[in-house]
Amino acid sequence: MKTQLRILSMLTVFSLFFYSCEKDADGVTDIETGIDTTEEVGAEQAIPGEYIIIYKEDKSLSGKSAGMKAKSQQTLSKYAIAEDNIKQTYSSAIQGFHVENLSEEQVKTLKNDPEIAYIQPNYIRTLDVEMGTPVKALPATVHNKGANKGSWLPSGDFLPWGINRVGRANGAGKTCWIIDSGISPHSDLNIDTNRSRSFVGGSWQDQNGHGTHVAGTVAAKNNGSGVIGVAYGATVVSVRVLNAQGSGSDAAILGGVDYVARNARNGDTWNYSIGYRNRHTDAATDNAFRNLERTTYGAMAAGNSNDDTQYYSPQRLQTRNSWNVGNMANGDRPAGSSNYGRSVDRWAPGSQVWSTWLNGGFNKISGTSMASPHVAGILLLRGNSTGTDGSVSKGGHTAPIATTN
């Protein structure tokens, strides 16, 4: 059984947030969301005057959006700060609000408020994306399985090698929340358009590709064309926290996580393929995911830094309902760039994975972002557990390979 570990951390801030692209030792291109922390964050990387205000927990306001909005307005009013500076509030995964037009003096004043736990600037996260070459149609033949990484089913669906490795089953009637760059309308996907939301402005629809790829691995239909997902035919909800250029912010990501915590139902799962490229831990991210799992369970990407997950938030968490997933290449080998560590719960296929893409197309990309949705689909089928078949070892740590059986 998974164990729960309470982790306390100091809040730190880091630099640019991006999809990294690099070569494994086996020549596989890894594409993953992360943060480049080789340089310190400067004022130019934060949105001027914007901050995230986090309260000490008030259980009486848990999940109450209206109550949290009123409390946030009262806090600003107390210090003669305009209430309409509030851009959004958080009430479920974390309690607080996102505010604009604050002066440094006002920030200092708010830090002394006895109800406020901490304040952080709202930093911009900008993606540097190298996504490979999308295609409109999947390979017509699969003579070179090493390159195409899949096979055709008698039904006419393309079976990616990862789905074949972990298994698949009918996921109709089940729901997975995709916290990512959005989801593009696609004939292979059942999207809950009513509950889909954007936290970066505009539509919930994906204009980047990453989130659509993740959604297909979880839930692409068994419909005689395209690819097939682990929990095929399941419903996916787009929780868009990254825009078309691959940019988001701390506030947007927290908003997406908070939305899922408030709206997901018992038996739903979520997938979070967003992480940090270089070592980074912070209280806000850890606490948001620790509280998200009070609602339901889900999977997260371990990261592509070839490093121990103990140095990354929220991947370092060892909790009951958040499943941390490493990237396994074909042949049950750990991908060279995949993170590892005590908090990695499962390994799953993440190298050269075919899935859905923008404009009704398909793409083959790699990374722990691609491994994680395999487990999100398995959890959707089995509840808060996975089957196992073998194991993967890396960096002195071993964890099972996830399967549906």
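Trp152, Phe158 and Trp354 are joined into a cluster by ring pairs. This is a predicted model, and a search of the whole structure turns up 7 aromatic pairs. Here is a quick tour, starting with that cluster.

**The aromatic cluster**
- Tryptophan 152 and phenylalanine 158 have ring centres 5.1 Å apart and planes at 75°, so they form an edge-to-face pair.
- Phenylalanine 158 also pairs edge-to-face with tryptophan 354, with centres 6.3 Å apart and planes at 80°.
- Phenylalanine 158 and tryptophan 354 are both buried, whereas tryptophan 152 is partly exposed, at 33% relative accessible area.

**Charges over rings**
- Lysine 71 places its charged end over the ring of tyrosine 55, 4.3 Å from the centre.
- Arginine 279 lies over the face of tyrosine 311, 3.6 Å from the ring centre.

**Around serine 338**
- You will find serine 338 in the loop between strand 19 (333-334) and strand 20 (346-349).
- Although in a loop, serine 338 is buried, with a relative accessible area of 0%.
- Its side chain reaches the backbone nitrogen of asparagine 327 at 3.0 Å.
- Beyond its neighbours within four places in sequence, serine 338 has contacts that include Gly303, Asp307, Trp347 and Lys394.

**The whole protein**
- The protein has 8 helices and 24 strands, and 61% of its 405 residues count as buried.
- Among contacts with a separation of 6 or more, 73% are between residues 24 or more positions apart.
- The accessible surface is about 15,200 Å², and carbon and sulfur atoms account for 46% of that.

Definitions and conventions
Residues are numbered from 1 along each chain as its sequence is written. This is a predicted model: local features need pLDDT of at least 70, side-chain atom pairs count only at pLDDT 80 or more; totals for chains, interfaces and linings use all residues. Side-chain values use heavy atoms; hydrogens and water are left out. Helices (H or I, at least four residues) and strands (E, at least two) are DSSP runs, numbered from the N terminus. Buried means under 20% relative accessible area, exposed over 50%, partly exposed in between (1.4 Å probe, protein chains only). Contact means heavy atoms within 4.5 Å. Accessible areas come from the Shrake-Rupley method with a 1.4 Å probe; for residues, only the protein chains shown count as cover. A polar contact is a pair of N or O atoms within 3.5 Å; within protein, one must be able to donate a hydrogen and the other to accept it, and residues adjacent in sequence count only if both atoms are side-chain atoms. Rings of Phe, Tyr and Trp (its six-membered ring) pair if their centres lie within 6.5 Å; planes under 30 degrees apart count as stacked, over 60 as edge-to-face and the rest as tilted. A charge sits over a ring if NZ of Lys or CZ of Arg is within 6 Å of the ring centre and within 35 degrees of the ring normal.
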